[in-house]
Amino acid sequence: MSVNWGIIGTGNIANAFATALKDAKKSKLVAIGSRSKESAVKFGSTYGLLEDHCYPSYEELLQDPEVHAVYICTPHPYHCELSIKAAKAGKHLLVEKPIAMNTKEVMQIIDAAKANNVLLMEAYMYRCHPQTKKIHSLVKSGAIGKVKVIRASFNYDGTSFGPDSRVWNNELGGGALLDIGGYPMSFARWIAGAATGQEFADPDTIQATGHLSESNVDEWTIANVGFAGNTIGAQLFTGIFADSDCTAEVIGTAGTLRIPSPWRPDVPAMGTPKIFLIAPGKEPTEVSYDKTNLSVFTIEADEVSEAILNGAKECRYMTLEDTIGQVKALDAWRAQIGLKYKAD
Ligand SMILES: NC(=O)C1=CN([C@@H]2O[C@H](COP(=O)(O)OP(=O)(O)OC[C@H]3O[C@@H](n4cnc5c(N)ncnc54)[C@H](OP(=O)(O)O)[C@@H]3O)[C@@H](O)[C@H]2O)C=CC1
Ligand SMILES: O=C1OC[C@@H](O)[C@H](O)[C@H]1O
């Protein structure tokens, strides 16, 4: 049994997801929705879709009874309205990160998903990868003793996309924090959860600084975050001004986990997909885990499809409560650096 997927939007990540679905076991691409027939047909012909399943509007795709689940991958400000429409049309939902612009929007989406009895997941795909699962289980089992500090960063050179790209445009939800800063925050929240016997943890304190561009989006921002009564600290850094650090570290009383490629362990060109354990006074050793050649998007789609086939309404790697904690943390971080969007 497999789940039939439709994709909403034909941009960069839509192509990565459609490519990844070719290797999926429980997920099949059956339809594409675009704002234009031309780009829908172009996309559809690349991925072998029937022309009558290449829709010239997102709304028409939502009326296709063959589509069970949709992957929403437009710029972030459109996620909320489209997710609510899709839920009302009875489609299960995998919505790209950030699932919405702020807490108010996230609550509206969750209400719509619950009212229409459909699954909803915010697409933090790296959480589904075996590398991330291994890091989580190492922390949970006490392999590095008591966790004290988490450090995580995600950066890229957004200047190469040009000033008109969505990442520099406030109206399109631009800026580092919402595009990639959510990864370090979601990592810290998940690891602090594993360290304290919970699925995830929410910050007690967030102190942030950052710089806004002329186009009024954050070029870089850094946060110091306290968890579990300030017994665990996290230092999080994100920026879109240059290709720079994209790593994570979890530091405990009995050792450190060093992760050179936390976000795309499926792409060796983006960093070494290894976990290193460094015991005090010892050389780093590599920790083995179930290696796979599959794309993070293949793994994510099949995790979501399996949950749908099992009748679940959320996926364990990013539950609805986790998504609420995540958006509240990002709202609090944004408030500290004065970053505002139309939706606020
Ligand atoms: N998980 C991951 O690794 C990644 C996640 N993302 C997330 O996916 C989303 C999309 O990012 P990405 O694919 O890079 O974006 P792109 O700009 O490449 O594509 C976005 C698509 O959304 C549609 N769209 C609808 N309204 C607009 C609008 N006003 N302006 C521009 N496009 C619009 C367009 O499709 P059409 O014309 O067909 O309607 C467009 O192709 C973001 O929320 C981002 O955070 C992005 C990259 C990686
Ligand atoms: O989620 C993402 O990860 C990779 C980045 O290049 C992209 O802009 C972002 O949306």
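Student: Which helix gives the most to the shell around ligand 1?
Tutor: Helix α1, residues 12–21, with three residues. Helices here are DSSP runs of H or I with at least four residues, strands are runs of E with at least two, and both are numbered from the N terminus. This is a predicted model, where local features need pLDDT of at least 70, side-chain atom pairs count only at pLDDT 80 or more, and totals for chains, interfaces and linings use all residues. Residues are numbered from 1 along each chain as its sequence is written, while chains are lettered from A and ligands numbered from 1 in the order in which they are written.

Student: And which residues come nearest to ligand 1?
Tutor: Gly9, Thr10, Gly11, Ser34 and Glu96, out of 21 around ligand 1. A residue counts as near if its C-beta atom, placed from the backbone, lies within 6 Å of the molecule or strand.

Student: What's the make-up of that shell?
Tutor: Eight nonpolar, eight polar and five charged residues. Ala, Val, Leu, Ile, Met, Phe, Trp, Tyr, Cys and Pro count as nonpolar, Asp, Glu, Lys and Arg as charged, and the others, Gly among them, as polar.

Student: Which domains does the shell draw on?
Tutor: Domain 1 (3–125 + 297–318) and domain 2 (126–292 + 326–337), with at least three residues from each. The bounds come from an automatic or database domain assignment.

Student: How far apart are the domain centres?
Tutor: The C-alpha centres of domain 1 and domain 2 are 25 Å apart. Their contact takes 17 residues from domain 1 and 14 residues from domain 2, with C-beta atoms, placed from the backbone, within 7 Å counting as contact.

Definitions and conventions:
Contact = placed C-beta atoms within 7 Å.
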